[in-house]
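Please walk through this protein chain one step at a time, with the sequence and the model side by side.

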Amino acid sequence: MQQSERLARPGDVEFEDFVRARGAALVRYGYVLTGNAEDAADLAQEALLKLSDNWSRVRNKDSPEGYVRTTMARQHISWWRRRRREQPTDDVPEGVHHDTHSFGELWKELATLPRKQRTVLVLRYYEDLPDEEIAAILGISRGTVRSQAFRALATLRVRPAVLERGRA
């Protein structure tokens with residue numbers, strides 16, 4: 001018997017199967033929320049760690065993936081709230097990494113939106129969630145969800161790149 005087999009708890013195999021099956025999709029979802037591959041991986045990893053602690057309770061519910069995605073959205077909001085309070089510094093970190101992936105003009109436009117507006121648009125159009133569920137995930141009212149979506153879409157409509165694309 002191997003060390004890992006002796007330490008495995010009942011239900012771990014199911015959790016590992018879930019992570020194998022949905023892990024890549026969760027990282028993609030994290031990328032849409034954060035706009036950064038490293039932050040997306042961290043976000044997915046943190047959410048999966050929380051899921052692993054609650055797996056025995058969550059696996060019998062309707063959707064373990066919904067639990068993880070809700071956790072990721074809430075964690076993302078927590079991160080950007082914390083970052084707003086950080087103080088910038090003149091020291092540049094060594095070894096800056098630039099992502100080589102290009103996800104097109106739309107992502108560039110979305111990345112310019114405030115995080116809350118971008119999160120609402122991702123949950124509404126990428127995840128296809130209703131306003132009530134978005135409000136519950138983000139801990140805001142349904143009216144706030146609608147106003148954030150309205151402002152985000154209005155901002156995207158008046159961008160010069162969007163206007164030029166419409167004329168072509």
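A residue counts as buried when its relative accessible area is under 20%, and as exposed when that value is over 50%. With that cut-off, the buried residues of helix α6 (residues 115-126) are Q117, R118, T119, V120, L121, V122, L123 and R124. The structure is a predicted model, and every value below is computed from it.

The protein chain has nine helices and zero strands, so its elements, read from the N terminus on, run α-α-α-α-α-α-α-α-α. Of its 168 residues, 36% count as buried. The protein chain exposes about 11200 Å², and carbon and sulfur atoms supply 51% of that area. Among contacts between residues at least 6 apart in sequence, 66% join residues at least 24 apart.

Because its relative accessible area is 14%, F15 counts as buried. Leaving aside residues up to four places away in sequence, F15 touches L48, L51, S52 and W55. The C-alpha atoms of F15 and R59 are separated by 8.4 Å, although the two residues lie 44 residues apart along the chain.

Now return to α6 and its packing partners. Two packed helices are described by the angle between their axes and the distance between the axes. For α6 and α7, the angle is about 135 degrees and the axes are 10 Å apart. That angle makes α6 oblique to α7. The crossing of α6 past α7 is right-handed. On the α6 side the contact is made by T119, V120, L123 and R124, and on the α7 side by D131, I134, I137 and L138. By class, these residues divide into five nonpolar, one polar and two charged.

What lies between α6 and α7? The loop between these helices holds D128. Phi of D128 is near 60 degrees, a positive value in a residue other than glycine. Most residues other than glycine have a negative phi. D128 counts as exposed because its relative accessibility is 64%.

The next partner of α6 is α8. The axes of α6 and α8 come within 9 Å and cross at roughly 100 degrees. The two helices are therefore roughly perpendicular to each other. In this contact, K116, Q117, V120, L121, R124 and Y125 of α6 meet T144, V145, R146, Q148, A149, R151, A152, L153, T155 and L156 of α8. The contact of α6 with α8 has eight nonpolar, four polar and four charged residues.

The remaining pair is α7 with α8. Helix α7 (residues 131-138) packs against helix α8 (residues 142-158) at an angle of about 100 degrees, with the axes 8 Å apart. That makes α7 roughly perpendicular to α8. From α7 the contact uses D131, E132, I134 and A135, and from α8 it uses R142, V145 and R146. Sorted by class, the contact has three nonpolar, no polar and four charged residues.

Technical notes
Residues are numbered from 1 along each chain as its sequence is written. This is a predicted model: local features need pLDDT of at least 70, side-chain atom pairs count only at pLDDT 80 or more; totals for chains, interfaces and linings use all residues. Side-chain values use heavy atoms; hydrogens and water are left out. Axes are lines fitted to C-alpha atoms, for helices over the stretch in contact, and angles run from 0 to 180 degrees between N-to-C directions. Helices (H or I, at least four residues) and strands (E, at least two) are DSSP runs, numbered from the N terminus. Angles under 35 degrees count as roughly parallel, over 145 as roughly antiparallel, 65 to 115 as roughly perpendicular and the rest as oblique. Contact means heavy atoms within 4.5 Å. Ala, Val, Leu, Ile, Met, Phe, Trp, Tyr, Cys and Pro count as nonpolar, Asp, Glu, Lys and Arg as charged, and the others, Gly among them, as polar. Buried means under 20% relative accessible area, exposed over 50%, partly exposed in between (1.4 Å probe, protein chains only). Accessible areas come from the Shrake-Rupley method with a 1.4 Å probe; for residues, only the protein chains shown count as cover. A crossing is left-handed if the near helix is turned anticlockwise from the far one by less than a right angle, and right-handed if clockwise.
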